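Hello,

Here is the structure I promised to pass on. My notes on it follow below.

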Amino acid sequence: MTARITRGSGNVFTDLGFAPAEAANLQLRSDLMIALRKRLTMFGTTQAEWAAVLDVSQPRISDLLRAKIDRFSVDTLIAYLGKTGAEVRVSVRTPKQAA
């Protein structure tokens, strides 16, 4: 039996069937969550200490570490990144038109 490989679109949420706008929002939140988790692990501290840095409850940190994407908005994730000292920049581009 030969394995069939399908090339992805570059956005897993689009590939899963989400509408384009929702897929873009989910991808952005996912990218921000990954960046935030990386920054928090750099500190090498406990969830309680991370909660103090972000001024949130420890269960909120647990939600973040368990990738509960539906519980975090883009605004919230950007605010949390700012509290860790990160500078967040957003890039907007117009996709190339299909030929």
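A nonpolar core here is a set of buried Ala, Val, Leu, Ile, Met, Phe, Trp, Tyr and Cys residues joined through side-chain atoms within 4.5 Å. Buried means under 20% relative accessible area, exposed over 50%, and partly exposed in between (1.4 Å probe, protein chains only). Please keep in mind that this is a predicted model: local features need pLDDT of at least 70, side-chain atom pairs count only at pLDDT 80 or more, and totals for chains, interfaces and linings use all residues. Residues are numbered from 1 along each chain as its sequence is written, and side-chain values use heavy atoms, leaving out hydrogens and water.

The largest nonpolar core has 18 residues, and Met33, Leu36, Leu40, Leu64, Phe72 and Leu77 have the most contacts inside it. At least two residues each come from helices H2 (20-43), H3 (47-54), H4 (58-65) and H5 (74-83), with H2 giving the most, six. Helices (H or I, at least four residues) are DSSP runs, numbered from the N terminus.

Leaving aside neighbours within four places in sequence, Leu36 is in contact (heavy atoms within 4.5 Å) with Leu64, Leu77, Tyr80, Leu81 and Thr84.

Thr84 sits in the segment after H5 and is buried, at 8% relative accessible area. Its C-alpha atom is separated by 7.1 Å from that of Arg39, 45 residues apart along the chain.

Towards the other entry in my notes: Asn11 lies in the segment before helix H1 (12-15) and is buried, with a relative accessible area of 12%. A polar atom of the Asn11 side chain lies 2.7 Å from the backbone nitrogen of Phe13.

Best wishes

Key
A polar contact is a pair of N or O atoms within 3.5 Å; within protein, one must be able to donate a hydrogen and the other to accept it, and residues adjacent in sequence count only if both atoms are side-chain atoms.
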